[in-house]
Amino acid sequence: MKKIGLFCLALLIVGCSSSKNTTSKNTFTVGMECNYAPFNWTTLEKNDTTISISSVDYCDGYDVAIAKKIADDLGKDLVIKKISWEGLEPALSSNEIDAIIAGMSETPERAQNVNFTTPYYESEMVLIIKKDSKYINSTNIQDFANATVLGQLNTTYDEIIDQIKNVNHATPLPTYPLMIVALQSGEVDAITAELPVAEGVISSNKDLTYIKFEKDKGFEVDSSVSIAISKNNDELLKQVQTSLDKISIEERNELMLLAVNRQPAGE
């Protein structure tokens, strides 16, 4: 998901408080939206899979599970900071957090500002639609020509929409819950999503489904997600990569399945 010019603006949004280094050698502090199920979401219920983010709520999801395993391997206590998407990179650069684990894809633009591990999850891009949509039998993204398609602001989800010829590219929204509302209200015909996100969405919204495309007829995009580490912290990058390498593909897939199954309705 991405941005260059917006990076400086986001730094202003985060504010002077971000410049304070709140991490320590005994903690592994990770930033995420806590608003992007099944990768991460906010809940009021405490359980074995959650991490406290305030006096009243917690963060849960696949990203939390991965962060927990890495923190345990590093022998550190996990701290989760709920930060808006636009504020994640500035928070990392200012040492407010040690890492971004937030369903973030590596892009050339982002790689100028932060370092990335190898992907910790790989998926495919689909389109979520209403079950009664006229696009229900689509097999090619070009079937959505003239459709109104929506993506998330400052993300790959939004950038890929223009691969559809003659598409009506809707103004992107900042959060995924807002995108779902736009789809259900009929403001748009489809929203872009990674497959696990789509599976989570339709499990909680019975009026929705998603379209997987035939081979070579879908979006051309790297839908893998990686962990971002500050450019000036090569040692931590090596440590996190070593810990990540210990998590097998089978375990990663199982953790995602568990996250999809336990995400709350409405996320």
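This is a predicted model: local features need pLDDT of at least 70, side-chain atom pairs count only at pLDDT 80 or more; totals for chains, interfaces and linings use all residues.

Colleague: How is the packing of H2 and H9 described, in angle and in distance between their axes?

Modeller: In general, two packed helices are described by the angle between their axes and the distance between the axes. Here helix H2 (residues 62-74) packs against helix H9 (residues 249-262) at an angle of about 135 degrees, and their axes are 9 Å apart. H2 is therefore oblique to H9. The crossing in which H2 passes H9 is right-handed.

Colleague: Which residues of H2 and H9 meet?

Modeller: From H2 come Tyr62, Ala65, Ile66 and Lys69, while H9 contributes Glu251, Arg252, Leu255, Met256 and Ala259. By class, the residues of this contact of H2 with H9 comprise 6 nonpolar, no polar and 3 charged.

Colleague: What is the strand order in the open sheet, and which are its edge strands?

Modeller: Strands of a sheet pair through backbone hydrogen bonds, either parallel or antiparallel. This open sheet has 5 strands in the order E6-E1-E7-E14-E8, and its pairing is mixed. Strand E6 (77-82) and strand E8 (114-121) are the edges, each pairing on one side only.

Colleague: In which sense do E7 and E14 pair?

Modeller: Strand E7 (residues 99-100) pairs with strand E14 (residues 225-230) in the antiparallel sense, over 2 bridges. Ala99 stands opposite Ile229 in E14.

Colleague: Which strands does H2 lie across?

Modeller: H2 lies across strand E1 (27-32), E6, E8 and E14, and runs at about 165 degrees to E1.

Technical notes. Residues are numbered from 1 along each chain as its sequence is written. Side-chain values use heavy atoms; hydrogens and water are left out. Axes are lines fitted to C-alpha atoms, for helices over the stretch in contact, and angles run from 0 to 180 degrees between N-to-C directions. Helices (H or I, at least four residues) and strands (E, at least two) are DSSP runs, numbered from the N terminus. Angles under 35 degrees count as roughly parallel, over 145 as roughly antiparallel, 65 to 115 as roughly perpendicular and the rest as oblique. A crossing is left-handed if the near helix is turned anticlockwise from the far one by less than a right angle, and right-handed if clockwise. Contact means heavy atoms within 4.5 Å. Ala, Val, Leu, Ile, Met, Phe, Trp, Tyr, Cys and Pro count as nonpolar, Asp, Glu, Lys and Arg as charged, and the others, Gly among them, as polar. Two strands pair if DSSP finds at least two bridges between them.
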